[in-house]
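Open the model in your viewer and keep the selection tool ready.

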Amino acid sequence: MPTPPIIDPLPEKFNRGNSKSDSTRETYVDNPNLSDFCNYSLRTAARAKKKCRTEIKPSQWSRHGFKYAKNLTSIEQSMSRDTDIARVDAKHVTPQMFAERFESGRGTPCVVVNTTEGWPAVKNWTWKQLAKDYGDVKFKVGTDDDGYPVKMRMKYFIEYARNQSDDSPLYCFDSSLGDKKEKQSMLRDYEVHPFFTDDLLQHAGERRRPPYRWLVMGPERSGSGIHIDPLGTSAWNTLVSGHKRWILFPPGTSAEMVKCPKGVESEAISWFNHIYPTFFRPDYKGPRPIEVLQRPGETMFVPGLWWHVVLNCDETVAITQNFASRTNFPLVWRKVMKGRVKMSVKMLDTLRKVAPDLAAIANQTRMDVENGMYAGEYSSSSSSSSSSSSSSSSSSESDSDIAMETSTNNSPKRGNGSEDNRDLARAKIEGSGGRRSKKGSKKRRSSSSRDCCMCERCVRDCDVCMDRHERRVRRQRERGDALEVLGLDADGVRIVCKERGLRRDGKDSKKKRKKGGDSSD
């Protein structure tokens with residue numbers, strides 16, 4: 001049994017504020033009024049932190065002093081505990097060989113090397129160049145209590161990230177690279193490797209499919225809390241710069257065994273400090289975790305339904321995508337049928353036209369599900385936590401629930417997602433579902449800003465409402481307030497999806513909906 005990690009003791013007194021004065025502050029911004037710029041960056045970061053975690057003050061983000069617990073992010077110690085995981089040379093393996101070896105069955109995680117050759121991102125995605133090219137562009141660094149993204153301009157985020165001392169810093173986990181015009185140039189800086197080009201969820205349409213692509217960027221101690229990627233999809237994560245520490249558990253691992261208990265923050269750094277040492281106790285009888293240190297230029301492959309938590313050991317920049325291939329299509333299809341009914345209808349209609357063989361598999365899978373073939377299939381709960389903000393990538397997902405890494409500071413309280421986390425929770429929103437103004441013109445709201453899935457189900461099947469409700473309850477418990485939360489009856493049972501006005505039995509409530517309200521498409 002390996003020796004449990006030793007956490008460095010904290011000094012009795014340590015600086016809870018910024019670790020550097022204005023005279024020694026590192027910055028990439030060419031600004032003659034450097035002091036004013038730095039002060040404004042701090043104020044911007046404080047506002048973002050206040051929105052991401054309303055249960056604590058911005059000054060309390062460094063209360064645990066994890067900055068001084070160097071064992072948690074030590075690259076040397078991570079290398080010494082690096083599990084014997086397969087490292088695949090992309091130059092000598094074909095996509096067919098990769099699918100048979102690592103995607104089939106329940107999948108096998110691996111590290112793929114030599115995947116970034118020729119990428120412009122290697123030069124264009126340094127922190128200095130990003131501050132220069134995208135300094136005034138806003139990127140998502142977290143999620144507020146209502147599920148809306150918290151954003152910061154890149155130049156202010158970098159200034160904050162390089163000079164902060166937070167336990168779990170804000171984490172850029174942005175999924176709008178293809179949606180925002182000012183960010184679309186980033187799509188030309190990298191290329192999806194042939195191992196991962198299968199993208200079957202595209203047949204559902206860009207409007208209906210969940211978020212699947214994220215720019216992931218953060219300082220030391222940021223990361224994505226323990227989670228499972230949604231809808232049974234697999235994921236690849238290519239690290240452009242920096243080092244990431246990964247811990248993975250196989251499908252079927254008990255959620256109670258790997259998730260943070262009540263009273264422990266669900267951030268990645270807290271997980272490594274409190275939960276990780278328990279796997280080295282003599283009485284531990286669960287599955288052995290897979291530990292990986294991801295280096296620059298390497299791509300981490302995570303099969304569907306594998307638990308994983310990610311911690312940044314230094315300043316990192318990465319690109320990650322979730323995908324559904326022909327190999328894991330049956331698993332993804334079962335999840336889509338159960339959690340995204342309307343998307344499954346649209347997707348099946350398209351598959352009948354472009355891929356009849358997959359449509360036949362989809363129909364057969366539907367029949368098998370109806371006959372109870374997968375009744376005993378393991379289910380798990382996922383909580384993607386993003387470090388102080390974004391993963392700050394995440395929420396909880398059961399066999400029928402969708403919650404998201406994407407990135408890290410991908411936590412139920414803050415939204416990064418998911419090595420995303422709230423973007424995919426909100427991904428259940430379907431259709432345009434806009435509201436009509438007084439003049440009758442229809443205002444369309446993007447799926448990233450809509451706050452209800454508008455499904456005709458109770459709140460237990462509404463990921464957005466459930467995610468918001470759980471965070472409110474958690475925050476009230478921490479404050480010691482009475483649990484007077486909308487969506488609870490006298491027995492503390494979740495009742496209704498407030499935005500749809502539905503009762504627990506799914507029938508329309510007596511309250512009439514206003515004419516011109518949200519459409520249910």
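Two strands pair if DSSP finds at least two bridges between them. Strands (E, at least two residues) and helices (H or I, at least four residues) are DSSP runs, numbered from the N terminus. This is a predicted model: local features need pLDDT of at least 70, side-chain atom pairs count only at pLDDT 80 or more, and totals for chains, interfaces and linings use all residues. Residues are numbered from 1 along each chain as its sequence is written, and side-chain values use heavy atoms, with hydrogens and water left out.

**The sheet**

Select 244-249 and 307-312. These are β9 and β12, paired antiparallel over six bridges. Click Lys244: opposite stands Asn312 in β12.

Now widen the selection to the open sheet, four strands ordered β7-β12-β9-β10 with antiparallel pairing. Which strands stand at the edges? They are β7 (223-227) and β10 (290-294); each has a single partner strand, so one side of each lacks a neighbour in the sheet.

**The helix pair**

Next, select α9 (329-339) and α10 (341-354). Their axes come within 6 Å and cross at roughly 135°. Axes are lines fitted to C-alpha atoms, for helices over the stretch in contact; angles run from 0 to 180 degrees between N-to-C directions. α9 is therefore oblique to α10. Oblique is what remains after under 35 degrees (roughly parallel), over 145 (roughly antiparallel) and 65 to 115 (roughly perpendicular).

Show side chains at the contact (heavy atoms within 4.5 Å). From α9, pick Phe329, Trp333, Val336, Met337 and Gly339; from α10, Val341, Met343, Ser344, Met347, Leu348 and Leu351.
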